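Me: I'd like to go through this one and ask where each label comes from.
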Amino acid sequence: MTILSSLADIVGQTNVLTGDDVVSRTVGWFDNSPRCAKAIVRPKSTKEVSKVMALCHQNQISIVTLGGATGFVDGATSQEDQIVLSMERMTDIESIDVDNRSIIVQAGVPLQKLHEFAQEHDLHYPVDLGSRGSCTLGGMASTNAGGNEVLRYGMSREQILGLEVVLADGQVVSNLRALLKNNTGYDLKQLFIGSEGTLGIVTKLALRLRPLHSSLSTALVAVDSFKKVVTLLRTLDRNLGGRLSAYEVMWQDHFKFVIDDEQKHKAPLPLDHAFYVLVQAANYHELEAEIFMSSLEQCMENKLIADAAIASSKAQQQALWAIRDDIECLTVGLAPYIGYDVSLPINAMESYIESLKGNIKKKWADAKVIVFGHLGDGNLHLFIHIGPTLSAADKAEVNRLVYAPLKFVDGSISAEHGIGLQKKAYLKYSRTAAEVDLMRQLKNMLDPNKTLNPGIIFD
Ligand SMILES: Cc1cc2nc3c(=O)[nH]c(=O)nc-3n(C[C@H](O)[C@H](O)[C@H](O)COP(=O)(O)OP(=O)(O)OC[C@H]3O[C@@H](n4cnc5c(N)ncnc54)[C@H](O)[C@@H]3O)c2cc1C
């Protein structure tokens, strides 16, 4: 019996895709090339995942777990001798406990489905990403996804109350108790959150929900210096009593680039300001919306804000977010580009960006360095285009210019996207040798045959 027929015995013949059914799928959101794999296997349940893993473990076949394929770092890229384990059929919302404000879902549930379901119960799942229609809760747990509300609610890690995981040898380790407090020994779920599918396959999640807000206050404000951007964050955070849920900053180059993109977005503000900040607060009472407005007015009077466009309808809110979330305009308009997702203390950001831009332009005079990000969380996204071609040597040089200075400001080479295959050569800028050594020991203990996502994070 071949491996493929054994897999078909477990998940059913129609759920083992081979040949054209594999290559007709693309690698992912950021890579349109055809997928490459021995087969794509689509289990429906934890039991099936467990049997697939036991089989692959015994036969030393490596597995790449696939959620929505929206990851940025080639974490779910597969080779022709690998099996892709796709979570696309594990999309059930299993139960919701409205009083406990918690929900249990299968790992393949797309984020948007969870948002809509929670909303029907007057509850809110407080992680939101531009990829919401495709990314899955399992993929988000495995990358510890951040997104647009981290400032108020934290990253995916903070929302996960329990996990069910299938280990490399097929063993199921389950703790789906939806408890906020559970100090009973090691918090094992933390091992799997953010480990990019290298230690286990997430099959179910118990997630924390929050009360659904009654309204959102959203505005795009123009600010004329970085110092004011920092002061404005502190001021709004205090004035809104911790209710500020998004503080997304776009450097002028970014704003102009997106607005100029074939008139897709109408300019809500003139283009001549140094910074644009998308601010949002979730309100539970009318009074809170009034406080939002009066805070902005006060900041305009104090000249912290130079100009403002305030959304007065849901459509206007969406139009403002569409500017910030338009990643496609950058990936298409700046090709070939290199994308970065770095973390650093807010007070080090201005000089880091200025010196990086200077160093890049010294080497490539026509380069574009586009900067924006979740500044309230200390997280910046960079898109760098140095010219019409991008050689491997150029890429390595740009990587060095971006990553090396982070070590000196206690920054991180990845704030939220992870390491995948793309960044593993640079892990040393953010982690000590002792830390990487401990990570290797954990990998060796949990996956001695190197079945799960081999070569991701480190070799
Ligand atoms: C437009 C856009 C905006 C984005 N914005 C953000 C953002 O603001 N913040 C942010 O953090 N990310 C963002 N992302 C990146 C991406 O959406 C996240 O990384 C997401 O968490 C990946 O989920 P996925 O289901 O697509 O996982 P995939 O891309 O399929 O996989 C990602 C990694 O997780 C592993 N994996 C997937 N499912 C499982 C599982 N069940 N068990 C174990 N391992 C698994 C894969 O092997 C891979 O290593 C954005 C992406 C796009 C396209």
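Me: Before we start, what should I know about the model and its numbering?
Reply: This is a predicted model, so to speak of local features needs pLDDT of at least 70, side-chain atom pairs count only at pLDDT 80 or more, and totals for chains, interfaces and linings use all residues. Residues are numbered from 1 along each chain as its sequence is written.

Me: Why are H1 and H3 called roughly antiparallel to each other?
Reply: Helix H1 (residues 3-11) and helix H3 (residues 46-58) pack at an angle of about 165 degrees, and their axes are 9 Å apart. Axes are lines fitted to C-alpha atoms, for helices over the stretch in contact, and angles run from 0 to 180 degrees between N-to-C directions. The cut-offs are under 35 degrees for roughly parallel, over 145 for roughly antiparallel, 65 to 115 for roughly perpendicular, and oblique for the rest. H1 and H3 are therefore roughly antiparallel. As for the names, helices (H or I, at least four residues) and strands (E, at least two) are DSSP runs, numbered from the N terminus.

Me: What is the handedness of the H1 and H3 crossing?
Reply: That crossing is right-handed. The rule: look at the near helix against the far one, and if it is turned by less than a right angle, anticlockwise gives left-handed and clockwise right-handed.

Me: Which residues make H1 and H3 meet?
Reply: From H1 come Ser-6, Leu-7, Ile-10 and Val-11, and from H3 come Glu-48, Lys-51, Val-52 and Leu-55. Contact here asks for C-beta atoms, placed from the backbone, that lie within 7 Å. By class, the contact of H1 with H3 has five nonpolar, one polar and two charged residues. Nonpolar covers Ala, Val, Leu, Ile, Met, Phe, Trp, Tyr, Cys and Pro, charged covers Asp, Glu, Lys and Arg, and polar takes the others, Gly among them.

Me: What makes H14 roughly antiparallel to H15?
Reply: Helix H14 (residues 346-363) and H15 pack at about 160 degrees, with axes 10 Å apart. That angle makes H14 roughly antiparallel to H15. The crossing of H14 past H15 is right-handed. Leu-356, Asn-359 and Ile-360 of H14 make the contact with Val-398, Leu-401 and Val-402 of H15. The class count for that contact is five nonpolar, one polar and no charged residues.

Me: How do you know that H9 and H11 are roughly antiparallel?
Reply: Helix H9 (residues 226-239) and helix H11 (residues 286-301) pack at an angle of about 150 degrees, their axes 10 Å apart. H9 and H11 are therefore roughly antiparallel. H9 also passes H11 in a right-handed crossing. On the H9 side, Leu-232, Thr-235, Leu-236 and Asn-239 take part, and on the H11 side Ile-291, Ser-295 and Cys-299. Those residues divide into four nonpolar, three polar and no charged.

Me: Why do S7 and S11 count as edges?
Reply: The open sheet of five strands runs in the order S7-S8-S12-S10-S11, with antiparallel pairing. Strand S7 (93-97) and strand S11 (172-175) each have a single partner strand, so one side of each is left without a neighbour in the sheet. To pair, two strands need at least two bridges found by DSSP. S7 and strand S8 (residues 102-106) pair over four bridges in the antiparallel sense, and Asp-97 stands opposite Ser-102 in S8.

Me: What is the strand order in the sheet of seven strands?
Reply: The order is S17-S14-S16-S15-S19-S20-S18, an open sheet with antiparallel pairing. Strand S17 (307-310) and strand S18 (338-343) are its edge strands, each pairing on one side only. Strand S19 (residues 368-373) and strand S20 (residues 379-385) pair over five bridges.

Me: What are the domains of the protein chain?
Reply: The assignment gives domain 1 (3-86), domain 2 (93-211), domain 3 (215-328) and domain 4 (334-417). Such bounds come from an automatic or database domain assignment. The centres of domain 1 and domain 3, taken over C-alpha atoms, are separated by 42 Å.

Me: What stands out about the backbone at Pro-336 and Asp-74?
Reply: Most residues other than glycine have a negative phi, and most peptide bonds are trans. Ala-335 and Pro-336 are joined by a cis peptide bond, with omega about -5 degrees. Asp-74 is not a glycine, yet has a positive phi of about 60 degrees.

Technical notes: Two residues are in contact if their C-beta atoms, placed from the backbone, lie within 7 Å.
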